[in-house]
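Subject: Structure handover

Hello,

Here is the structure I said I would pass on. Please have it open while you read the notes below it.

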Amino acid sequence: MNNYDAVVVGAGSGGLTSAVGLKKLGKSVLLIESQHLGGECTNSGCIPSKALLHHAKEYHTATKLAGTTYQSDTYRREAFKYVRNIINNILAEETAEHFSELGIDVVIGEAIFTSKNSITVAGIEYKFKKAIIATGSAPREISIPGLNDADLLTNQNFFEQTSVPPNLLIVGGGPIGMEMGQAMAMLGSKVTIIDNGPVFARLEDEAIRPIIQKAFTGLGINILTEASVKSISGKVADIEAVSADRFALRREQIHFDKVLIAIGRVPNLPKGLHTAEIKSEPYGIVVNKKWQTSNKNVYALGDVSARLKFTHVADDTARQVVAHIASFGLLSVKERAVPKVTYTEPEIGQVGLSWHEAKEECGEERVIRIEVPFSASDRARTDDDTSGLLVIIAKRLTGKILGAHIIGPRAGELISTLTLSIENNISLYRLRSTIFAYPTYSLILKKAGDYFLAKQLTNLKSDLLYFFKKNAPKIIILGLWLWGLLSLYSYQQTFGLTASELSIKLFKTITATAWAPALYILAYTLRPITFIPGTALTILSGVFFGLWGILYTIIGANLSSVLAYSIGRFFSKDSQNKKSILGNWTNRLNQNPFLTIITMRLIFMPFDVVNYGAGLLRVRFLPYLTATFVGTLLGIATFVAIGASLSVEEFIKNGITTEAIDSKFLLLSLAIFITSIIISKFLKKN
């Protein structure tokens with residue numbers, strides 16, 4: 001059988017998670033892999049690099065305590081053998097036979113798209129309903145004059161070595177260069193790392209950089225920044241770097257046995273994307289917020305489409321995409337707080353915003369920076385490892401965590417708690433009030449809460465003054481709003497009126513004058529700040545004005561929507577979590593505001609929720625207003641027709657009863673309602 005519910009291209013983290021998840025849903029699944037199951041992570045990425053780091057740290061610690069011995073040197077020479085054993089142990093659980101037992105068909109070979117819903121491998125065509133591209137990435141290449149291919153290493157062949165190179169030159173000071181450079185230095189290699197950036201570890205917090213650089217130079221690692229390899233002759237690299245005084249260039253000759261290129265990753269793009277109508281850019285396949293490609297039946301996830309090229313991002317995205325497919329698009333794919341860990345010694349963990357990003361996004365006056373040295377951790381002191389540092393960036397007053405950066409023991413584990421805090425709005429106040437076991441490294445998070453509170457109390461007066469000064473107009477408006485609502489509530493309680501009786505009394509007053517339509521329109525316009533139910537007002541317009549109520553309500557509804565939208569815009573600058581305001585509709589509003597608004601109107605989503613939400617999200621006004629006008633016509637006609645079907649006297653006396661309803665108007669409202677739902681379904685589908 002060559003017809004499948006789903007075809008997954010790529011058997012790395014994202015591909016395997018997708019294939020297994022879809023199979024559990026009862027789908028027929030074909031898994032295609034061009035080289036080896038497990039992908040980059042298992043074969044030449046996360047797993048071997050962490051295994052090598054573990055082996056190197058063990059050796060380094062042992063020799064520091066007992067010196068170099070025959071046994072320790074034997075252990076050192078077996079570093080890459082240890083790595084390959086770890087890879088093979090994990091690959092034993094990621095075989096074609098294993099996935100076949102799960103009911104997943106596996107094909108090894110290059111996948112080529114031949115149409116929007118078909119793909120070929122070795123000349124055999126397979127058709128699919130859905131496809132997921134998870135083909136990963138490859139090392140970015142660089143051309144260095146004179147470099148011999150036999151001396152060139154990337155992560156893909158680095159772990160195939162049989163011995164530790166005596167001299168290793170690393171081009172690139174990112175996570176791969178840092179991890180492999182330190183591992184090799186710990187195993188006795190003389191390491192030089194060159195980077196074209198102005199500072200070492202430039203992706204890390206400014207307070208963390210000197211700590212990791214000190215650890216590296218302490219191992220004898222030579223670090224050259226603002227440098228590049230101009231050429232290579234034999235086993236000597238000609239390096240050009242900015243001089244210490246930064247006014248000139250200097251040249252340096254570096255001897256090496258191997259050169260590791262670690263300057264980033266490029267996506268592995270499958271062939272035939274154009275044929276399948278799938279758009280791609282140099283950074284990868286173009287996807288929307290749901291990870292769908294321009295061919296809506298094909299998804300792309302992991303390194304091939306993401307700028308954050310992490311295994312855990314690919315796995316999480318795959319889980320969400322599977323849920324999205326299973327729910328027929330009802331479950332959205334959400335952006336997550338993504339932690340990043342560099343597994344050096346000491347470890348570095350990072351999640352959320354940097355200090356610079358937080359100041360840019362929120363304003364320096366609204367954020368606070370907390371630095372907690374590991375010397376404040378009793379556990380770090382018992383382990384005699386206090387050089388670490390925790391940096392937390394948070395909102396002033398609220399303690400909402402915006403970003404966290406850690407260097408020190410267990411940083412990779414500690415960052416998970418802070419990721420959870422960002423995802424679930426757990427503030428520094430709550431971390432401070434949480435009981436952590438003593439003595440653990442995680443207690444430093446509680447310490448961060450203590451540091452924050454102390455610093456916040458010191459600055460409380462100035463922070464409060466700044467808050468009230470900046471928000472004075474909004475505070476005044478909110479005060480007037482609350483005063484008006486309380487006055488209305490007080491009037492209602494004084495005369496013992498229900499909400500319905502209050503609405504009827506209001507309408508009797510309005511219709512008793514010649515200005516009744518104008519007064520009704522005014523009442524409807526102000527409805528968003530009085531919270532009088534819109535549906536009740538619309539029905540009452542039919543009761544008192546008949547079908548003329550349609551015209552009056554159209555005018556009032558559009559004016560009220562403008563008012564609510566304006567209020568939303570007014571408060572939008574300081575609105576938090578804007579992405580969750582309207583749930584799954586948020587992304588659609590940004591992409592196609594007219595179609596999205598009109599669909600929301602036709603399915604009778606809460607009127608003011610849409611209005612306020614559109615303002616808070618700063619949806620473009622003209623498409624918003626046009627869609628509101630068109631989208632509310634059927635709904636207004638529906639409820640006015642219901643009101644027009646009621647006898648005023650009977651309604652006032654007994655409420656809505658069978659005697660009060662004129663059946664022809666009720667049938668008209670039902671027909672309008674059904675028409676509205678049909679149109680909305682058509683719009684959502686297209």
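How many cavities of 30 Å³ or more does a search of the whole structure find? The search finds one. Please keep in mind that this is a predicted model.

The cavity

The largest cavity holds about 40 Å³ of space. Its lining is made up of Pro 139, Asn 155, Ile 176, Ile 261, Ala 262, Ile 263, Gly 264 and Arg 265. Sorted by class, five of the lining residues are nonpolar, two are polar and one is charged.

The sheet

Five strands form an open sheet with parallel pairing, in the order β8-β15-β9-β10-β11. At its edges are β8 (152-153) and β11 (222-224), each of which pairs on one side only. The parallel pairing of β10 with β11 runs over three bridges. Ile 193 stands opposite Ile 223 in β11.

Arg 202

Where is Arg 202 found? This residue sits in the loop between β10 (190-194) and α9 (209-218).

Leaving aside residues up to four places away in sequence, Arg 202 touches Asp 195, Asn 196, Gly 197 and Arg 209. Gly 174 is 28 residues from Arg 202 along the chain, and the C-alpha atoms of the two are separated by 8.3 Å.

Regards

Terms used
Residues numbered from 1 in each chain as written. Predicted model: local features only at pLDDT ≥ 70, side-chain atom pairs only at ≥ 80, totals over all residues. Heavy atoms only, no water. Helix = DSSP H or I, 4+ residues; strand = E, 2+ residues; numbered from the N terminus. Contact = heavy atoms within 4.5 Å. 1 Å grid on protein atoms, 1.4 Å probe; cavity = no way out; pocket = protein on both sides within 12 Å on 5 of 7 lines; lining within 4 Å. Points joined across faces, edges and corners; volume = space filled by probe spheres on them. Nonpolar A, V, L, I, M, F, W, Y, C, P; charged D, E, K, R; others polar. Pairing = 2+ DSSP bridges.
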